[in-house]
Structures are given as C-alpha cells and as structure tokens.
Amino acid sequence: MEIHITKSGVKIPINKLEDSHLLSIINFIKKKSEEGVTYRFGGGLSADDMWYEEEIIFGKKAKKILGYKKYKQELERRNRNDTH
C-alpha cells in the first residue's frame, strides 16, 4: 500500500486521499518538476559535510523522485472505476 505523508507528517494511504487532495498533489508535482527540485544525496547531512551532494533536477527525473507515477495511477484507477 502506497502512503502519502502530508507536510505536517500525517500518513494517509493514497487510495484514501480525497479527490481534491489527490489532484492538488499531482498539480504540485507537475509545477515543481518544471521549476526544479533540490535533490540531496550522498552520506552527508549538511552542505558543510564532505560527503553531502545536491543537484537541482527537472522534468521526468523530478517527477520520479516525487512519486508522480503512484498518484497518477491512483487517479486513473478512480476514473476507470467511475465509468463502470
């Protein structure tokens, strides 16, 4: 089961999100993927650490990191169920 974690830390199963919330998340991810997302990786905890790395990513790579696919799949699942 896929879980969405809100800004305040509340965990909600994606299939339990309200339609409006799901659409807002999808639109947010689309917007952020165009603007750029700071992706942090490596072993460091801060920019002062020798092992800390970050880059700004865009497009498909940003969508992948933000989990766009799982939200889009849930929306498509709901739309399929609505037509039956």
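I began with the contact of H1 with H2, where Ile29, Lys30, Lys32 and Ser33 of H1 meet Gly59, Ala62, Lys63 and Leu66 of H2. Contact here means heavy atoms within 4.5 Å. I sorted these residues into 3 nonpolar, 2 polar and 3 charged. Ala, Val, Leu, Ile, Met, Phe, Trp, Tyr, Cys and Pro count as nonpolar, Asp, Glu, Lys and Arg as charged, and the others, Gly among them, as polar.

I noted the ground rules. This is a predicted model, with local features needing pLDDT of at least 70 and side-chain atom pairs pLDDT 80 or more, while totals for chains, interfaces and linings use all residues. Residues are numbered from 1 along each chain as its sequence is written, and side-chain values use heavy atoms, without hydrogens and water.

Next I looked up the geometry. The axes of H1 (residues 19-35) and H2 (residues 59-66) come within 8 Å and cross at roughly 135 degrees. Helices are DSSP runs (H or I, at least four residues), strands too (E, at least two), numbered from the N terminus. Axes are lines fitted to C-alpha atoms, for helices over the stretch in contact, and angles run from 0 to 180 degrees between N-to-C directions. H1 and H2 are therefore oblique to each other. Under 35 degrees would be roughly parallel, over 145 roughly antiparallel, 65 to 115 roughly perpendicular, and the rest is oblique.

I turned to H3 (residues 68-82). H1 packs with H3 at about 140 degrees, the axes 10 Å apart. That makes H1 oblique to H3. On the H1 side I listed Asp19, Leu22, Leu23, Ile25, Ile26, Ile29 and Lys30; on the H3 side, Tyr68, Tyr71, Lys72, Glu74, Leu75 and Arg78. This contact has 8 nonpolar, no polar and 5 charged residues.

Last, I checked the lining of the largest pocket. Its residues are His4, Ile5, Thr6, Lys7, His21, Ile25, Phe28, Ile29, Leu66 and Tyr71. A pocket is an open set of points on a 1 Å grid over the protein atoms alone where a 1.4 Å probe fits, with protein on both sides within 12 Å along at least five of seven lines; lining residues have an atom within 4 Å of a point. H1 gives the largest share, 4 residues. I counted 6 nonpolar, 3 polar and 1 charged in the lining.
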